[in-house]
Amino acid sequence: MTRARRYDLDRQDVDLSPVIEPDPLDPRVSLTSIIHWADSHSVRLAVMKAVDFPVNDLPMFLVVNQLSYRGALRPSELAQTLGTGRANLSKIANRLVEAGLIVRVPEPSDERSVLLALTPAAGRSASGS
């Protein structure tokens with residue numbers, strides 16, 4: 001028995017065209033495609049495998065990746081960059097410290113703050129060596 005689909009509107013009442021008309025010569029279209037491709041879960045897992053990341057934990061890999069490109073960061077900055085909450089980032093950081101991939105160091109300009117920094121072991125993991 002086939003179930004009939006219900007729609008809120010008839011198809012003729014809806015504009016199905018893109019908001020911005022794609023122009024194949026517009027570099028923004030290409031850059032957007034590349035960013036979406038690189039941001040995909042499957043690509044990130046493939047990169048993790050290719051560099052032989054020592055832990056099968058994608059959030060940990062993303063933190064190490066950000067720190068390798070941006071240098072030591074405050075946990076709040078890192079959480080914002082990754083689009084996660086501070087509590088979640090704290091859990092990820094704890095796992096990374098336990099794995100020996102990052103350390104917490106005092107921030108030079110504010111002794112009450114800490115920075116998350118890569119260890120030499122993480123640097124080898126990030127580069128794939």
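Is D52 buried or exposed? At 63% relative accessibility, D52 counts as exposed, where exposed means over 50% relative accessible area, buried under 20% and partly exposed in between, with a 1.4 Å probe and protein chains only. D52 sits in the loop between α2 and α3. Its phi is near 55°, a positive value in a residue other than glycine.

The model is predicted, so local features need pLDDT of at least 70 and side-chain atom pairs count only at pLDDT 80 or more, while totals for chains, interfaces and linings use all residues. Residues are numbered from 1 along each chain as its sequence is written, and side-chain values use heavy atoms, with hydrogens and water left out.

The protein chain has 6 helices and 2 strands. Helices (H or I, at least four residues) and strands (E, at least two) are DSSP runs, numbered from the N terminus. Read from the N terminus, the order of elements is α-α-α-α-α-β-β-α. Of the 129 residues in the protein chain, 25% are buried. A contact is a case of heavy atoms within 4.5 Å. Among contacts in the protein chain with a separation of 6 or more, 39% join residues 24 or more positions apart.

Helix packing comes next. Two packed helices are described by the angle between their axes and the distance between the axes. Axes here are lines fitted to C-alpha atoms, for helices over the stretch in contact, and angles run from 0 to 180 degrees between N-to-C directions. Helix α2 (residues 41-50) packs with α3 at an angle of about 75°, and the axes are 11 Å apart. The two helices α2 and α3 are therefore roughly perpendicular to each other; angles of 65 to 115 degrees fall in that class, those under 35 count as roughly parallel, those over 145 as roughly antiparallel, and the rest as oblique. On the α2 side the contact is made by H41, R44, L45, V47 and M48, and on the α3 side by L58, F61 and L62. By class, this contact of α2 with α3 has 6 nonpolar, 1 polar and 1 charged residues. Ala, Val, Leu, Ile, Met, Phe, Trp, Tyr, Cys and Pro count as nonpolar, Asp, Glu, Lys and Arg as charged, and the others, Gly among them, as polar.

Helix α3 (residues 58-70) also meets helix α5 (residues 86-98): their axes come within 10 Å and cross at roughly 85°. Helices α3 and α5 are therefore roughly perpendicular to each other. Here P59, M60, V63 and V64 of α3 meet L89, I92, R95 and L96 of α5. The contact of α3 with α5 has 7 nonpolar, no polar and 1 charged residues.

L89 lies in helix α5 and, at 2% relative accessibility, counts as buried. Its C-alpha atom is 9.3 Å from that of M60, which is 29 residues away along the chain. Neighbours within four places in sequence aside, L89 is in contact with V63, P75, L78, A79, L82, T84 and L116.

In soluble globular proteins, nonpolar side chains tend to be buried together. A nonpolar core is a set of buried Ala, Val, Leu, Ile, Met, Phe, Trp, Tyr and Cys residues joined through side-chain atoms within 4.5 Å. The largest such core has 21 residues, and those with the most contacts inside it are F53, F61, V63, L67, L78, L96 and L116. Helices α3, α4 (75-82) and α5 each supply at least two residues of this core. The largest share, 7 residues, comes from α3.

How many aromatic pairs are there? The count is 1 aromatic pair, with rings of Phe, Tyr and Trp (its six-membered ring) pairing if their centres lie within 6.5 Å; planes under 30 degrees apart count as stacked, over 60 as edge-to-face and the rest as tilted. The pair is F53 with F61, edge-to-face, at 5.2 Å centre to centre and 80° between the planes. F53 is buried at 8% relative accessibility, and F61 is buried with a relative accessible area of 9%.

N65 is also found in helix α3, but is partly exposed because its relative accessible area is 27%. The C-alpha atoms of N65 and L118 are separated by 9.8 Å, and the two residues are 53 residues apart along the chain.
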